Amino acid sequence: VIRCKAAVAWAPGKPLSIEEVEVAPPKAGEVRIKIVATGICRTDEHLLQGCFPNAEFPVIPGHEGAGLVESVGEGVTSMKPGDKVIPLCIPQCGECSFCLAPESNFCQKSHMSEPQNLLPDKTSRFTCKGKQIHHFLWVSTFAEYTVVPEYAVAKIDAAAPLDKVCLFSCGFSTGYGAAINTAKVKPGSTCAIFGLGGVGLSVVIGCKAAGASRIIAVDINSAKFAKAKELGATDCINPRDFKKPIQEVLTEMTGQGVDYSFEVIGHADTMIAALASCNMNTGVCVMVGELDSGSEISIDPMLVLTGRTWKGTVLGGWKMRECLPKLVSSYLEKKFNSDLLITHTLPFAEVNEGFELLRAGKSIRSVLLF
């Protein structure tokens, strides 16, 4: 058993509490990881506010981390102590019908099929003050050490800087993949991205990498426009600067609407606006943002009857165990610069300050270092 620091959420709506926790050794098929760096993602904020489906408290949040294998359980063959790894919030068991389908990146062991509040054997590896602490998506990267099933861990290049590639376990991969894999953005096309947080700006990077000729960034926080242009946006617009609905503005700017639109906020009204802003016949709208648990959307069926495609994406469509190492290699080859997404680097003890930056819209990505 390892005693270490972790940020525990004892109840929804309360600040995280830095505690000493006990982390049990890995059982068969599990890996214990020393987390080196972890990003703060809005999905963690959903959890802290009690809006994440099926989550249980007390819990150790965090799902965007990178670290080193500390020890492995019986039967683990794909990694060894000392390897650099990224834990995955969408596992790849390799056995379910989704994992066996070439075009699918889902896994039936993920939280959308069954809760990942406890490890697959329905027990926790965390205790604090004599109480069982729940895992979050199995990864719980807001702990110095965490235990994860082998099929929810990707081994990466030893040259990768962990404080930079931690973003690849969620935010960057989701946005970049939404453009590359889900929308399959074509060279010379027009794109609109609603929401310029870490994931939305990763969509901008993906659209640029795919060769889009016009990339329109949309946000009510104009302070994010400079970063969007640095990453490849050609136009930046603030809906509050217009009297008419933003979908009408985008349609007028492009003639028939954009070829691809991306909603990366998680609001019902912006999802409808994003859908309406793409070409009524051939447009593709990708839902990337995460709505609160239990939300519903009401749309005019004519929006899709004319031919639009409306689709969602989970982690950017990547089969994470096999694709993440390749994505890290592309980063090392400087095929994109995801480092520009990191606006704040903080010591782990300042985790609550990191969330305040997120809530105030002052950060794109804050990375916590242990």
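**Reading the model**

Modeller: Let's start with the record: an unreviewed UniProt entry lists residues 13-368 as "domain: Enoyl reductase (ER)". Keep in mind that the model itself is predicted.

Biologist: What makes S1, S2, S6 and S7 an open sheet of 4 strands?

Modeller: Two strands count as paired if there are at least two bridges between them. Take S6 (residues 126-128) and S7: 3 bridges join them, and they run antiparallel. One of the residue pairs is cysteine 128 with its bridge partner lysine 131 in S7. The order is S1-S2-S6-S7, with antiparallel pairing.

Biologist: And why are S1 and S7 said to stand at the edges?

Modeller: Strand S1 (2-8) and strand S7 (131-133) each have a single partner strand, so one side of each is left without a neighbour in the sheet. On average, neighbouring strands here are turned by 45° against each other, direction ignored.

Biologist: How do you know that S14 and S15 pair, and which way do they run?

Modeller: The cut-off is at least two bridges, and strand S14 (residues 284-287) is joined to S15 by 4 bridges. So they count as a pair by that definition, and they run parallel. Across that pairing, cysteine 285 stands opposite tryptophan 310 in S15. They belong to an open sheet of 6 strands with parallel pairing, in the order S12-S11-S10-S13-S14-S15. Its edge strands are strand S12 (235-237) and strand S15 (309-312), each pairing on one side only. Neighbouring strands of this sheet are turned by 15° against each other on average, direction ignored.

Biologist: Which strands does helix H7 touch where it packs on the sheet?

Modeller: Helix H7 (residues 246-254) touches strand S10 (190-194), strand S11 (214-218) and S12, and its direction makes about 160° with that of S11. Then there's helix H8 (residues 268-277), which lies across S10, strand S13 (260-263), S14 and S15, at about 175° to S13.

Biologist: What is the volume of the second largest cavity, and which residues line it?

Modeller: Its volume is about 30 Å³. Among the residues lining the second largest cavity are Ile90, Cys99, Trp318 and Lys319. By class there are 6 nonpolar, 2 polar and 1 charged in that lining. Lysine counts as charged, so Lys319 is a charged residue of this lining.

Biologist: How much space lies in the second largest pocket, and what lines it?

Modeller: About 240 Å³ of space lies in the second largest pocket. Of its 15 lining residues, Glu103, Asn105, Asn181, Thr182 and Gly317 are the closest to its centre. Helix H4 (171-183) and S15 each supply at least two residues of the lining. The classes are 4 nonpolar, 7 polar and 4 charged.

Biologist: Last topic: the backbone. Where is the cis peptide bond, and what is its omega?

Modeller: The cis bond joins phenylalanine 57 and proline 58, with omega about -10°. Proline 58 sits in the loop between helix H1 (42-48) and strand S4 (65-72). As a rule, most peptide bonds are trans, and most residues other than glycine have a negative phi.

Biologist: What makes serine 140 worth a mention, then?

Modeller: Serine 140 is a residue other than glycine, and its phi is positive, near 45°. Serine 140 lies in the loop between S7 and strand S8 (145-149).

Key. Residues are numbered from 1 along each chain as its sequence is written. This is a predicted model: local features need pLDDT of at least 70, side-chain atom pairs count only at pLDDT 80 or more; totals for chains, interfaces and linings use all residues. Side-chain values use heavy atoms; hydrogens and water are left out. On a 1 Å grid over the protein atoms alone, a cavity is a set of points where a 1.4 Å probe fits but cannot get out, and a pocket is an open set with protein on both sides within 12 Å along at least five of seven lines; lining residues have an atom within 4 Å of a point. Grid points are joined across faces, edges and corners, and a volume is the space filled by probe spheres set on the points. Axes are lines fitted to C-alpha atoms, for helices over the stretch in contact, and angles run from 0 to 180 degrees between N-to-C directions. UniProt positions are given in the numbering used here, feature names are shortened, and annotations may be inferred rather than shown by experiment. Contact means heavy atoms within 4.5 Å.
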